[in-house]
Amino acid sequence: MTRKLKVAVVGLGIGRNHILNGYRTNTERFEVTALCDLDTDLLHSCGKEFGVERLEKDYLEIVGMDDIDVIDVCTPPGTHRKMILAALHAGKYVICEKPLVGALAEIDELLDAESRSSGRVMPIMQYRYNDGAQKARHIINAGLAGKPLVATCEVHWLRDETYYEKDWRKSWSGALGGVLMNHAIHANDLMFYLLGPVRSLFARTATRVNKIEVEDCASISVELECGALATTSATLGSVEPLSRMRLCFENVTIETDSRPDFTAADAPWRFVAANDAIGRKINAALADFTPPPSGFAGQMQDFHKAVCEKTPLPLTLGDARQSLDFATAAYWSAKTYSAVALPILPDHPFYNGWQNAF
């Protein structure tokens, strides 16, 4: 019989989506038994919608619930560090939205806390569970794609002043960053999930769309450890919102053209083979491959399996650290107009964060 994990969801903005698309699609694996939010009206409306009776405004009350297995943190980024540490101290498993924290020093603190806890932390990176992304990774891992050459990644979204009515989204202290940390982070993680780690980068950032503290435009030139070259650009001022990625390999070009994100059902990924022989091999490989469920549903399913079988989580603090390493290097490059090699080491000026440097 499948063990049901009891979940408390904290922060009912994106947290509501976690319930609808992650837990309600895995009802045999999870039971949401507690909700937490500072907004009383939202808290009670979500409690009524999902039939949850335990409603709390105090996060520490959630942490103290002995029967809760998993705390799902969906609050503003600036609150994550303390919440994760409290949950790990209580021996809870933690699922946390991006960005996890705002400094490599802080994620190393979490890694240390996790090593001393019976709980573990899974960052949310649901783009990896896109159907096309899973097929692309299967083709690459099967050796059919050949040598990676170049890649482009675009996150061109639209966020006007109404988006920033929530003040925390405007500031370095609340949001920890702008378009790089809170919008393009998923797409960049997806590109590196398929191509591997970054060796070096050169970045430019700017605030050109809204009157906010954090950046809302970015352009980055990337060298990957595999030898491929990539460019990633992001803006929150595109009148036609879209996300698009194109990966050129020796034997295949992999392309997505989705609006507004990589999970759009009406914009499937394209796999263009170099010749008919390679095309037949790719088709044969995909015919025998069944990807996991898309998005939150797939990530939560794999999380449940890992917890119950005591195997590594599908995404870890190590994965979150790679994303933070990339962001740290990008902010330093943008500030100093210099190329930056990765990884960022503890003696780096931005190891403890960049939020007071702009």
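Eight strands make an open sheet of mixed pairing, ordered S13-S12-S11-S7-S10-S9-S8-S14. Strand S13 (270–273) and strand S14 (340–341) stand at the edges with a single partner strand each, so one side of each has no neighbour in the sheet. I took strands (E, at least two residues) and helices (H or I, at least four) as DSSP runs, numbered from the N terminus. I called two strands paired if DSSP finds at least two bridges between them.

This is a predicted model: local features need pLDDT of at least 70, side-chain atom pairs count only at pLDDT 80 or more, and totals for chains, interfaces and linings use all residues. Residues are numbered from 1 along each chain as its sequence is written, and side-chain values use heavy atoms, with hydrogens and water left out.

I went through the pairs. Strand S7 (residues 148–158) runs antiparallel to S11, with nine bridges. Val155 has Ser243 in S11 as its bridge partner. S7 also pairs with strand S10 (residues 229–235), here in the parallel sense, over seven bridges. Glu154 is bridged to Ser233 in S10. At S14, two bridges hold the antiparallel pairing with strand S8 (residues 198–206). Ser200 stands opposite Ala341 there.

Which strands does helix H6 (residues 131–141) lie across? I found H6 across strand S11 (237–249), strand S12 (252–258) and S13, at about 30° to S13.

**The six-stranded sheet**

I then looked up the open sheet of six strands, S3-S2-S1-S4-S5-S6, which has parallel pairing. Strand S3 (54–56) and strand S6 (121–123) are the edge strands, each pairing on one side only. The twist averages 25° from one strand to the next. Strand S1 (residues 5–10) and strand S2 (residues 30–36) are parallel, with six bridges.

**H4 against H5**

How do helix H4 and helix H5 cross? The axes of H4 (residues 80–89) and H5 (residues 104–115) come within 10 Å and cross at roughly 10°. That makes H4 roughly parallel to H5, a term I used for angles under 35 degrees. Axes are lines fitted to C-alpha atoms, for helices over the stretch in contact, with angles from 0 to 180 degrees between N-to-C directions. Arg81, Ile84, Leu85 and Leu88 of H4 meet Glu106, Glu109, Leu110, Ala113 and Glu114 of H5. Contact here means heavy atoms within 4.5 Å. I sorted these residues into five nonpolar, no polar and four charged. Nonpolar covers Ala, Val, Leu, Ile, Met, Phe, Trp, Tyr, Cys and Pro; charged covers Asp, Glu, Lys and Arg; the others, Gly among them, are polar.

**Pockets**

The largest pocket has a volume of about 1,200 Å³. A pocket is an open set of points on a 1 Å grid over the protein atoms alone, where a 1.4 Å probe fits, with protein on both sides within 12 Å along at least five of seven lines; lining residues have an atom within 4 Å of a point. I noted 46 lining residues, with Gly13, Ile14, Cys74, Trp168 and Arg169 nearest its centre. H1 gives the most to this lining, with three residues. The lining has 22 nonpolar, 15 polar and nine charged residues.

The second largest pocket has a volume of about 330 Å³. Phe192, Gly196, Pro197, Val198 and Gln322 are closest to its centre, out of 17 lining residues. H12 gives the most here, with six residues.

Notes:
Angles under 35 degrees count as roughly parallel, over 145 as roughly antiparallel, 65 to 115 as roughly perpendicular and the rest as oblique. Grid points are joined across faces, edges and corners, and a volume is the space filled by probe spheres set on the points.
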